[in-house]
Amino acid sequence: MTDHEHLDPLIAAGIAAFEHGDYREARKRLAEALKHGAEPRARFYWAAAQYHLGNVHEALPALQELAGAPPPVPEQ
């Protein structure tokens with residue numbers, strides 16, 4: 001039994017893809033899970049996959065939200 005078998009199949013597949021370094025597949029699976037109101041763990045792995053793919057501008061707000069940090073103030 002893997003650590004992810006108790007999770008929703010989309011989340012489990014997304015986390016497994018992430019752990020194998022397939023960030024595009026992870027992002028795809030986790031984005032689908034998020035459409036259905038998935039748990040924060042799915043949002044974290046989705047944001048981490050975005051970060052690994054170079055989409056920092058999409059990952060940062062999600063990671064800050066999960067961390068409870070206020071969003072940065074844009075520089076003038």
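Analyst: Start with a side-chain pair. Gln-50 and Arg-27 are joined through their side chains by a polar contact of 3.3 Å. Keep in mind that this is a predicted model.

User: Where is Gln-50 found?

Analyst: Gln-50 sits in helix α3.

User: Buried or exposed, that Gln-50?

Analyst: Buried. Its relative accessible area is 3%, and the cut-off for buried is under 20%.

User: Which residues does Gln-50 touch, leaving out those up to four places away in sequence?

Analyst: Arg-27, Asn-55, Val-56, Glu-58 and Ala-59.

User: OK, helices now. At what angle do α3 and α4 cross?

Analyst: Roughly 150 degrees. Helix α3 covers residues 40–52 and helix α4 covers residues 56–67. Their axes come within 8 Å.

User: So how are the two oriented to each other?

Analyst: Roughly antiparallel. The cut-off for that is over 145 degrees, so α3 and α4 qualify.

User: And which hand is the crossing of α3 and α4, left or right?

Analyst: α3 passes α4 in a left-handed crossing. From α3, the contact uses Pro-40, Arg-43, Phe-44, Trp-46, Ala-47, Gln-50 and Tyr-51. From α4, it uses Val-56, Glu-58, Ala-59, Ala-62, Leu-63, Glu-65 and Leu-66.

User: How does the contact of α3 with α4 split by class?

Analyst: 10 nonpolar, 1 polar and 3 charged residues.

User: Trp-46 is on that list. What does Trp-46 touch, beyond residues up to four places away in sequence?

Analyst: Arg-27, Leu-30, Ala-31, Leu-34, Glu-58 and Ala-62. Trp-46 belongs to helix α3. Trp-46 is buried, at 14% relative accessible area.

User: How many residues separate Trp-46 and Glu-58 in sequence?

Analyst: They are 12 residues apart. In space, C-alpha to C-alpha, Trp-46 and Glu-58 are 9.9 Å apart.

User: Which residues make the contact of α1 with α3?

Analyst: α1 gives Ile-11, Ile-15, Phe-18 and Glu-19. α3 gives Arg-41, Ala-42, Tyr-45, Ala-48, Ala-49 and His-52.

User: And how do the residues of that contact divide by class?

Analyst: For α1 with α3, 7 are nonpolar, 1 is polar and 2 are charged.

Key
Residues numbered from 1 in each chain as written. Predicted model: local features only at pLDDT ≥ 70, side-chain atom pairs only at ≥ 80, totals over all residues. Heavy atoms only, no water. Axes fitted to C-alpha atoms, helices over the stretch in contact; angles between N-to-C directions. Helix = DSSP H or I, 4+ residues; strand = E, 2+ residues; numbered from the N terminus. Parallel < 35°, antiparallel > 145°, perpendicular 65-115°, else oblique. Left-handed = near helix turned anticlockwise from the far one by under 90°. Contact = heavy atoms within 4.5 Å. Nonpolar A, V, L, I, M, F, W, Y, C, P; charged D, E, K, R; others polar. Buried < 20%, exposed > 50% of the residue type's maximum accessible area, 1.4 Å probe, protein only. Polar contact = N/O pair within 3.5 Å; in protein donor to acceptor, adjacent residues only side chain to side chain.
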